[in-house]
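Please look over the model shown here before reading on.

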Amino acid sequence: MPVDTKRVRGPDESQSPLLFVLPSTGKPECPQEGREDGRQRSQADVRPVFARCGLISQAKGSAYIEAGNTKLICSVYGPRETDRKDEVDMKSGRLVCDFRFAPFSCPKRGSWIQGSEEKALSLGLLESLLPAACLHKYPRSQIEVNVVALEHDGSVLAHAVTCASLALADAGIEMYDLVLGCALRQDGPSFLIDPTFAEESGAQSAGSGENQGRVTVALLPSLHQVSGLQSDGEMAEDTLVGAVKACIEGCQRLYPVIQQALARAVRRKAPPTAV
Amino acid sequence: MAAGYNHSVEPLLKYRIRVKKENCRPDGRELGEFRTTTLNIGSVSTADGSALVKIGNTTIICGIKAELTAPPVDAPNKGYIVPNVDLPPLCSSRFRPGPPGEQAQAASQFIADVIESSQVIRREDICIEKGKLCWVLYCDIMCLDYDGNILDACIIALIAALKNVQLPEVNINTETELAEVNMKQKKHLNITKHPVGSSFAVFDDTIIIVDPTAEEEELSTGMITVVTDENEKLCAVHKPGGTALSGEKLQDCISRAITRNREVSKLINEVMQSAKLK
Amino acid sequence: MSPKTLCVPGERLCSTEECVPGPGTYLRHGYIFASLAGYVLRKNAGEEMPVVSVVKESEAQLLPDVGATVTCKVEIYKSFRPGDIVLAKVISLGDVQSNYLLTTAENELGVVVAHSEAALCIPAGEQMVPISWCEMQCPRTHAKEFRKVARVQPEYLQA
């Protein structure tokens, strides 16, 4: 195994104490109709969102978003000259997305080195944002989007999309629309919208394994277009269609909060009294 | 170029003249004045302990994860403390993605040295059973906004996060020889020392300013960080190259660091108290 | 002027029958949408229809818009000549048609090395010496020529 000489090293191996927790007696199972945090199943019951722009002084634009315990921060740099000139289409700019989990953000400690999950999330983020960005306005330039998950309590890709579009707008990058994200966990006949980490990774509640899966939708809310759709698991066609519709409704519920956060940032930068 | 029309005024000189003349920095601070420092403890629930520190715009978050492992062979009665500082591209356009750069590596090593030399925690305290089982505290420190003086912020974030850590009770089952973790019984760490850092930017041994911004760091001809504990003892002095500094000026820095230690200790205690009341 | 309304990207501002799209907006299916978060601005510039634009900062309108005509006198022959070595800053990477856009609009930027005009100085092209911010002099003939002279900074020379 290669030795990482650029970091302070600990022991070769260590285990999370969670693996050694004594099995507690008689833990009540999650009831079929309700959810642990009091939300309802099969409803567009997204967690309340807290969003702010412009927290990172060094960035062109930035945003912070909190949905339940999921906490994400995003910065946008650019447009600046591209790193790789040779392969770039000179007629339009390039969007670069980097998603990272802070090592302490998940129940199990993560590595500093970007893993395959982070790479997949970076790509998912990029694909969801691309249709919204007016990249033809930024030829020969690149725009960099960096997202760090400070705490992962489910639906990270969905909230990362919302957070990144907010940071892009804060940076003054021209966009056709904002992009809002919403995730869903299909659990048999019912679904859990904006699932927490436990709901996302937890076992199915019903005995049968039918219609089990996860969906993440990225929506351009004003143009009413879907810019990103990811799903895994096995679902019947009509179940999947229903899941996507529920996610779209979830996105629309976020819209006023995101609009307000952005309006607040505009007002703070340039109070309207000037005219 | 011909003389006569070469009255070049570099930004450094401009800065120096302004600071000398008005005794005032671009952001209006006096030479010995720190930026407003704020602290938030325990905001990351996936970490066993966490703290977010802001010094002006500079923002540092520290999250600590505790895991179980076997004690080191050369010190079977001790546990591990593993600090790492990350300067991600998120925090400033000066950092690129990829493995840690020189500055991040130096910062990690410096924080490790501070922990070692100041004895923040007795490493014996985090050993569970000699030669068999101990804790490893992964102290991951991440910069979210880079506007200079990250070392001071890193140390505050580390100490505050350590004070926030609660470790569950662990017993070794005498029959199975396996660890048993009881999440209901949790204990705070015993923090024996409270090191606090004070960083200074030096301009040719003539001007010394405290708590430099990123811009001031770039203009300066040298940097120095002095770490003291609450007993006014020196824990570490870090001066990575740059212009030479007279003993007298160094003494000034140490005196300022001692006052700063009192200010920061007070802040940490206040935030800890209000966190307890909640 | 209409009261200050805020908008976010994607918001529909008006139809193309009412306004002409300006900066910070785009056209789609006969409607004008915002592409920036900022204040909506409608300006009558003498044309039939007002121009609708989105500005991020309210003071932005005090400055000329990109592409607006600003009258002033810049005499290129008094600033640069072919063959001069010029220190300039890249202000934009340019659009599809044009190349890099450069500026010398700073005291530190402008002509660094220039040679005197061949017809006046034999042998031709002696390197001239700057004597003020707008003049350089040939050391041999003492003839003065106009240039936008850079006040050269040592750090630029190292780079």
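Two residues are in contact if their C-beta atoms, placed from the backbone, lie within 7 Å. By that criterion Cys154(B) touches Ile60(B), Val85(B), Ala107(B), Ile111(B) and Ile141(B), leaving aside residues up to four places away in sequence. This is a predicted model, in which local features need pLDDT of at least 70 and side-chain atom pairs count only at pLDDT 80 or more, while totals for chains, interfaces and linings use all residues. Residues are numbered from 1 along each chain as its sequence is written, and chains are lettered from A and ligands numbered from 1 in the order in which they are written.

**Chains A and B**
- Contacts between these chains involve 36 residues of chain A and 47 residues of chain B.
- On the side of chain A that touches chain B, two or more residues come from each of strand E3 (70–81), strand E4 (94–101) and strand E5 (141–151) of chain A, where strands (E, at least two residues) and helices (H or I, at least four) are DSSP runs numbered from the N terminus.
- E5(A) gives the most to this side, with five residues.

**Nonpolar cores**
- A nonpolar core is a set of buried Ala, Val, Leu, Ile, Met, Phe, Trp, Tyr and Cys residues joined through C-beta atoms within 7 Å, and a residue is buried if 20 or more other C-beta atoms, placed from the backbone, lie within 10 Å of its own.
- The largest such core has 163 residues, of which Cys154(B) and Ala157(B) touch the most other members.
- Helix H3 (residues 150–164) of chain B supplies the largest share of this core, twelve residues.
- A second, separate core has eight residues, including Met136(C), Cys138(C), Val149(C) and Ala150(C).

**Helix H5 of chain B**
- Helix H5 (residues 247–277) of chain B has 31 residues and reaches 45 Å from its first C-alpha to its last, close to the 45 Å expected at 1.5 Å a residue, the expected span being 1.5 Å times one less than the number of residues.
- Buried residues of H5(B) include Cys253(B), Ala257(B), Arg260(B), Asn261(B), Val264(B) and Ile268(B).
- The buried residues of H5(B) pack against several elements of chain B, among them H3 and strand E9 (196–203).

**Strands in chain C**
- Strand E2 (residues 12–15) and strand E5 (residues 31–34) of chain C pair in the antiparallel sense over three bridges, pairing being assigned if DSSP finds at least two bridges between strands.
- Strand E4 (residues 25–28) of chain C runs antiparallel to E5(C) and is joined to E5(C) by four bridges.
- E4(C) and E5(C) form a hairpin with two residues between them, and His29(C) in the turn has a positive phi of about 50°.

Notes:
Buried ≥ 20, exposed ≤ 12 C-beta atoms within 10 Å, placed from the backbone.
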